[in-house]
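Please read the following note beside the sequence and the structure.

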Amino acid sequence: MEGLEQDRELVLALKNYAGTDLAAIARKAGIAPSTLQRPANGSADTRLSQRTIEKLRAAFPKFPGWTRAGAAALVSRVEPDMVEIASIDLNFGLGPAFMDSEILEHQADTLLFPRDWLRSITRSPPEQLYWAKGLGNSMEPTIGDGDVILIDRSAEGSKFGDLYWAIAFGQTGMVKRLRPMPDGSIKILSDNPAVPPEVAHDGELHVFGRVIAVVRRI
């Protein structure tokens, strides 16, 4: 909690220094407004990333807070054996949820993942990996509401083979199993037996990447 409070104090001090709202600060730094709004209102559950701090510092180089020990610690805190993985804030539905924003690198927050753990599940480079949180219960018991899912974009064009995929179907983001059908269509399957399958035809389905890991609290 101490680190999250440090982020909150930094963001509020920067807002006071800039004399404008957080959305304007975010635009100038090339980051998503929610990246600053969450720590400011106390709803953040992860620290500001090193990349976010660097963008803010480049946008506001004369902000006095950068000379303080706390801010310096933020910039240098990434451990050598940890890897930053960007997020996608698309509200991937484990059930329907609208994709309200584009996938833009400058809008991405990050989480730190152990490098050895990532190597144990994928050989893809970190820049091909994204994390997101699912919503809903259509993929239970495999993936639950609020679980962190790790997505590999390098697998975007590989065979579906009944694996788990982050997709867009009918302007809706979701995580589903995909099964190719003999007529060329793709059956979209949920793990929850109460949720009926859907079928996508040519041009109706966009694949963002393959879900390669699920991280949950026990």
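1. Does Tyr 17 count as buried, partly exposed or exposed, and what is its relative accessibility? In this predicted model, Tyr 17 has a relative accessibility of 38%. Buried means under 20% and exposed means over 50%, so Tyr 17 counts as partly exposed.

2. The structure holds 4 aromatic pairs. In one of them, the ring centres of Tyr 17 and Phe 63 are 5.5 Å apart, and the planes meet at 50°. Planes under 30 degrees apart would count as stacked and those over 60 as edge-to-face, so this pair is tilted.

3. The pair of Tyr 17 and Phe 63 links distant parts of the chain, 46 residues apart. Tyr 17 belongs to helix H1 (residues 2–18), whereas Phe 63 lies in the loop between helix H4 (50–59) and helix H5 (69–76). Phe 63 has a relative accessibility of 4% and therefore counts as buried. Together with Trp 66, Tyr 17 and Phe 63 form one aromatic cluster.

4. Tyr 130 and Phe 208 also form an aromatic pair, with 5.6 Å from centre to centre. The angle between their planes is 70°, and the pair is edge-to-face. Distant parts of the chain are linked here too: Tyr 130 is in strand E3 (residues 129–133) and Phe 208 in strand E9 (residues 205–215), 78 residues apart. Both residues, Tyr 130 and Phe 208, are buried.

5. A further point concerns a charge and a ring. Lys 28 lies over the face of Phe 60, at 4.6 Å from the ring centre.

Notes. Residues are numbered from 1 along each chain as its sequence is written. This is a predicted model: local features need pLDDT of at least 70, side-chain atom pairs count only at pLDDT 80 or more; totals for chains, interfaces and linings use all residues. Side-chain values use heavy atoms; hydrogens and water are left out. Rings of Phe, Tyr and Trp (its six-membered ring) pair if their centres lie within 6.5 Å; planes under 30 degrees apart count as stacked, over 60 as edge-to-face and the rest as tilted. Helices (H or I, at least four residues) and strands (E, at least two) are DSSP runs, numbered from the N terminus. Buried means under 20% relative accessible area, exposed over 50%, partly exposed in between (1.4 Å probe, protein chains only). A charge sits over a ring if NZ of Lys or CZ of Arg is within 6 Å of the ring centre and within 35 degrees of the ring normal.
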